[in-house]
Amino acid sequence: YQPYPEYNNSSYSWMAKIPSGWLNGPLKRIAYLQAGFAFKGDTFNSSEGVPIVRMNNILNSGGLSLDDAVRVPEIDVKPEFYLATGDIVMGMSGSIENIAKVQGDDLPCALNQRVGRFFLRAVDDGFLWYIIQSNGFKQQVSLAATGTAQLNISSDQVGNTLVSWPVSLLEQNIIAAFL
């Protein structure tokens, strides 16, 4: 255990140093944001079928509210757009800072267009949760977003957001548990 880690120079001017054993680069090196499916509006109903996660279903508190979610027939949902417990979703239009973790009681539900789901590559889900809640991440997303009345962000723009992370998944897990 090192109470005071050694630091290395960062490759970014705005981040002078990072702990040794950490990397920095675009988010897409550790996680990928999959955009949702463009369901046909004429298939939406309010009483039967699979709930669809849209922008208005992502709460500021980090959860989902599917009580008033529109639904589509199960036959219209492609398997790759079903969400699972623990998935992290992010708004990609309007409230682009809204994020949520899918809970077991939210299921079954599926991902609508303009809402993205993170797929992990080399990151602990808890550590990713804190990365995407950070001011640095949110500022970069806001700067990359387009639009005037309603901000929009793409999967590629989110993937190009610059972040730092420990190489060790164990260290990521320890940090996330501490936070």
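**Exercise 1. Work out how many aromatic pairs there are, and which residues cluster.**

Step 1. The count comes to 3 aromatic pairs, where rings of Phe, Tyr and Trp (its six-membered ring) pair if their centres lie within 6.5 Å; planes under 30 degrees apart are stacked, over 60 edge-to-face and the rest tilted. Bear in mind that this is a predicted model, with local features needing pLDDT of at least 70, side-chain atom pairs counting only at pLDDT 80 or more, and totals for chains, interfaces and linings using all residues. Residues are numbered from 1 along each chain as its sequence is written, and side-chain values use heavy atoms, leaving out hydrogens and water.

Step 2. Take Phe-37 with Phe-39: at 4.9 Å centre to centre and 75° between the planes, the pair is edge-to-face.

Step 3. Now Phe-37 with Phe-81: here it's 5.3 Å and 45°, a tilted pair. Phe-37 sits in the loop between β4 and β5 (50–53), Phe-81 in the loop between β6 (71–72) and β7, 44 residues apart (strands are DSSP E runs of at least two residues, helices H or I runs of at least four, numbered from the N terminus).

Step 4. Put together, Phe-37, Phe-39 and Phe-81 make one aromatic cluster.

**Exercise 2. Sort Phe-37, Phe-39 and Phe-81 by burial.**

Step 1. Set the cut-offs: buried is under 20% relative accessible area, exposed over 50%, partly exposed in between (1.4 Å probe, protein chains only).

Step 2. Phe-37 has 22% relative accessibility, so it's partly exposed.

Step 3. Phe-39, at 8%, is buried, and so is Phe-81, at 11%.
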